[in-house]
Amino acid sequence: MKNQLLLFSFLLCSIFSQSQITGKVTDTENSPLQNVNVYVEGTFNGTTTNANGEFKINIDASKEQILVFKFLGFETEHKTITANENYLEVQLMEKVTSLDDVVITKNEDPAYAIIRNAIAQRKENLAKIKEFKADFYSKGLWEIQNAPEKILGQEIGDLGGGLDSTRSGVVYLSETVSKIAYKAPNQFKENVIASKVSGDDQGFSFNSAEDFNFSVYENTLNLGNNLVSPIANFAMNYYDYELVGTFYDSDKFLVNKIKVIPKRPNDAVFSGYIYILEDTWEVFGVELKTTGKSLQLEVVKEINLNQTFSYSEENEFWVLISQDISFSWGIFGISGGGDFVASYKNYDFKPELTKKDFSNAVIVFDKAANTKDSLFWEKNRPVPLTSLELKDYTFKDSIQTLKNSKPYKDSIDRVRNKFSITDPIFGYSWQNSTTNQEAGFTGLTNVNYNTVQGYNIKSELYFRQKDTSGTYRNFWEVRTFFDYGFSEDKLRVYGQFTKKFNNFSKPFLILSGGTKVEEINSTNPINERLSTITSIFFERNYLKLYEKTFGKATYSQEVFNGFRMSASVGFERRSALINSTNSPIISHKNGGFTANNPLAPEAFGSLLFPSHNIGKASIAGQINFDQKYVLTPNGKYDTYSERFPVLTFIYEKGFASSISDFNYDLVKARLTQTKTLSRFGELGYSLNGGLFFNAEHISFLDYRHFNGNQTRVGTSNTYLNQFNLLPYYELSTNSDYADVHLEHNFKGFILNKIPLINQLNFNMVVGAKSLFTDGNKPYSEFSAGLDNVGFGQFRFFRIDYVKPYQDGWQNGAVIFGIKLLDQF
């Protein structure tokens with residue numbers, strides 16, 4: 001009982017000794033200052049001001065406290081908090097920098113010597129912080145102006161109540177409160193204890209501490225493209241510098257304010273200011289910005305990165321206490337912007353962390369993270385809400401109850417489910433928002449042409465049951481696929497049932513069956529839309545098809561983190577097909593249709609293989625080495641990492657064939673990785689290989705075919721795992737094989753250094769690939785080209801010159817790449 005009384009007394013003292021100070025910070029013209037750092041002197045208990053210059057901070061009222069107001073470009077202010085004082089109005093004066101004590105020579109600005117020292121001390125300063133724990137808060141805001149009613153024919157509505165009558169407003173507002181831990185060089189963990197998304201009480205915010213992990217002490221900073229730090233080892237090749245002036249912070253730290261000037265604005269660089277401390281050459285703060293051209297994301301207008309550091313007397317180093325990332329964008333007359341604010345406090349630099357404190361779950365949300373009430377947020381939110389943010393929360397939270405009601409959902413469904421006279425052509429969708437059901441018909445616009453079916457039209461019917469939250473955490477759906485060929489006057493139908501059981505190990509069961517046509521080349525190298533164009537306009541029918549009547553079952557799931565397995569079994573009745581039409585739609589002097597038999601292209605009417613039955617089974621696995629992930633109460637979400645390659649392996653067996661020679665065994669594997677090489681761009685590689693067993697006389701369908709290209713048109717972002725000039729069936733094999741692909745995108749590293757050319761913002765891409773098959777000379781391709789080709793925001797093209805080699809150099813060709821073509 002005595003201990004309980006002592007504990008109760010301690011809690012009372014703790015509660016009543018806490019006092020909250022609120023206030024506002026302005027400049028000398030009474031304009032509010034955003035992102036001013038406000039913290040208790042000698043501690044890491046702090047906050048930042050919001051867009052209105054407002055702040056709030058909890059302090060210990062049992063003793064005298066001094067609040068520090070720090071903002072880059074302004075004089076640091078210290079305010080002693082007196083008894084019963086709970087509101088402050090603080091006015092900051094612009095910092096007056098001086099060059100009086102700086103020796104300026106005719107040959108070089110003194111900023112260069114400072115930057116050289118900062119570069120020399122970069123690694124040592126980065127290594128000063130070996131480990132820490134801290135409290136983290138972030139707030140993210142996205143706004144949009146002039147949003148259209150529809151995008152690509154699809155109504156976008158009011159984006160969850162975010163748009164007003166002018167089609168402008170806040171479309172995303174969220175906050176996160178976390179506990180973070182770090183141990184050098186790269187171990188990190190974040191425990192999200194509270195997450196709030198405006199208008200979605202079931203949502204989890206995506207503005208995490210890991211996303212704010214930017215350090216100018218690293219050679220590059222990844223903001224969508226690897227940007228060169230102003231104090232990178234090679235920074236002098238990218239920047240010019242100018243010493244704007246010097247000033248003292250807290251009357252004891254001499255700070256150099258240096259202007260960062262890109263040598264070539266389209267390089268992956270920043271502009272702005274970096275503040276470097278004299279003698280230790282540590283970073284005092286940064287005010288940097290970059291453009292969409294530097295990021296090669298021209299929909300982005302500008303991104304601003306501001307960081308402020310505070311000195312730890314105990315540890316004798318400078319620590320990041322706040323960060324602000326703001327951006328603006330625009331496309332098709334739509335524009336917008338956003339702001340992500342991060343605040344770090346209550347650092348512990350001696351937490352004695354071990355490997356057991358970290359796992360591959362780099363971000364873990366508490367089960368109750370999205371259930372915190374307004375009292376929690378009022379107490380723990382270090383940055384006060386602005387009137388705009390408060391209005392957004394209030395409005396969206398109020399209409400959420402309405403939007404979740406059955407009458408509202410029914411009224412919305414009635415509007416969306418209304419049938420139009422054009423729906424049979426362009427498609428129709430139906431939904432029941434109360435029961436979370438969806439159904440639809442994809443229309444009759446998917447029309448293509450091939451010489452087997454002639455003109456053909458494909459469509460789908462579907463029904464889907466989502467989970468109780470109306471999402472795809474678990475769901476089931478049934479789809480029916482229709483394919484009618486006009487020349488052969490035949491309708492083929494098959495169906496598919498898909499069931500996802502949970503959102504953690506993500507088990508899928510897929511049952512499918514029916515009759516369909518498929519490419520003989522199982523890598524599906526020929527885009528159907530592109531094949532239609534080459535057949536109609538150039539009299540080149542590259543697409544070769546066969547028919548199968550089948551039934552198949554597939555099950556897949558993640559066995560443990562980073563290791564996913566799948567198994568399938570099926571039976572097929574396979575029949576060869578012939579051209580139903582050999583007459584061109586448009587004659588071409590260099591064209592000429594070929595038979596549907598790739599082994600006898602001039603033997604019209606010949607069959608590639610006899611009709612037969614066969615069973616097929618496979619077991620496959622995929623290993624993502626050192627897979628990191630985010631864990632929420634709703635599911636597990638893997639994060640992309642380029643540190644290690646991805647390994648895929650498959651065992652495939654053909655059995656119980658009605659032609660016994662067609663049975664076979666195949667083991668194949670693939671190792672692939674795309675890795676950023678600092679400022680030098682991205683290197684991608686893919687290694688593939690396979691071993692056939694008992695396959696001397698198998699059907700040509702089960703040969704290993706390769707992803708070739710005879711159209712001279714590329715349809716993917718990269719050309720890993722495909723050959724640009726290899727005929728589709730020339731090196732198909734039923735024996736052991738291996739192929740190697742290598743591609744490097746310099747991301748402006750070379751072309752941005754060439755005058756005039758650098759204004760185009762193109763990227764140089766080089767590649768090499770080789771194919772090794774039994775009984776054939778190795779086949780290789782070497783290529784050089786340009787990526788990011790286009791103008792302004794429309795950069796969907798790529799141009800490569802490819803030169804093949806097989807027992808001697810062969811004729812080269814230009815490949816014209818259209819990156820969006822594989823979406824159609």
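**A close look at one serine**

Modeller: Let's start with Ser780, which touches Lys769, Ser770, Lys803, Pro804 and Tyr805, once residues up to four places away in sequence are left out. Keep in mind that this is a predicted model. Ser780 sits in strand β41, which covers residues 779–791. Is Ser780 buried or exposed? Its relative accessibility is 10%, so Ser780 counts as buried, the cut-off being under 20%.

Now zoom out. Take the contacts with a separation of 6 or more: 61% of them are between residues 24 or more positions apart.

Some of the links across the chain are salt bridges, and the count comes to 41. Asp397 and Lys196 make one of them, at 3.7 Å from N to O. Asp397 belongs to helix α6 (residues 387–403) and Lys196 to strand β12 (residues 187–197), so this pair ties together parts that are 201 residues apart in sequence. Asp397 itself is partly exposed, at 30% relative accessible area.

Glu438 and Lys466 form another salt bridge, at 2.9 Å. Glu438 lies in strand β24 (residues 437–441), while Lys466 is in the loop between β26 and β27, so parts that are 28 residues apart in sequence get tied together. Both partners are buried: Glu438 has a relative accessible area of 15%, and Lys466 has a relative accessibility of 15%.

Next comes Lys490 with Glu547, where the closest N and O atoms are 2.8 Å apart. Here strand β28 (residues 490–500) supplies Lys490 and strand β30 (residues 545–560) supplies Glu547, so the pair ties together parts that are 57 residues apart in sequence. Lys490 is partly exposed at 33%, whereas Glu547 is buried at 10%. Salt bridges can also share partners, and that joins Lys516, Glu518, Lys548, Glu572, Arg574, Lys616, Glu652 and Asp702 into one network.

Helices have a story to tell too. In α2 (residues 111–120), the buried residues are Ala111, Tyr112, Ile114, Ile115, Ala118 and Ile119. They span an arc of only 160 degrees around the axis, which puts them on the same side of α2. Here's the general idea: an α-helix has 3.6 residues a turn, so residues three or four places apart point the same way. And what do the buried residues of α2 pack against? They meet α3 (122–126), plus the strands β15 (239–249), β16 (253–262) and β17 (271–277).

Last stop, the outside. The accessible surface of the protein is about 39,800 Å², and 56% of that belongs to carbon and sulfur atoms. There's a nonpolar patch on the surface made of Val447, Tyr455, Phe486, Ile533, Phe537, Phe538, Ile585 and Ile586, which together have about 690 Å² of accessible area. Helix α9 (residues 528–538) gives the largest share of this patch, 3 residues. Phe537 has its place in α9, and it is partly exposed, with a relative accessible area of 43%.

Note on methods
Residues are numbered from 1 along each chain as its sequence is written. This is a predicted model: local features need pLDDT of at least 70, side-chain atom pairs count only at pLDDT 80 or more; totals for chains, interfaces and linings use all residues. Side-chain values use heavy atoms; hydrogens and water are left out. Patches are made of residues with over 30% relative accessible area and no salt bridge: like charges are joined within 9 Å, nonpolar side chains (Val, Leu, Ile, Met, Phe, Trp, Tyr) within 5 Å. Accessible areas come from the Shrake-Rupley method with a 1.4 Å probe; for residues, only the protein chains shown count as cover. A salt bridge is a side-chain nitrogen of Lys or Arg within 4 Å of a carboxyl oxygen of Asp or Glu. Helices (H or I, at least four residues) and strands (E, at least two) are DSSP runs, numbered from the N terminus. Buried means under 20% relative accessible area, exposed over 50%, partly exposed in between (1.4 Å probe, protein chains only). Contact means heavy atoms within 4.5 Å. The arc is that of the directions from the helix axis to the C-beta atoms.
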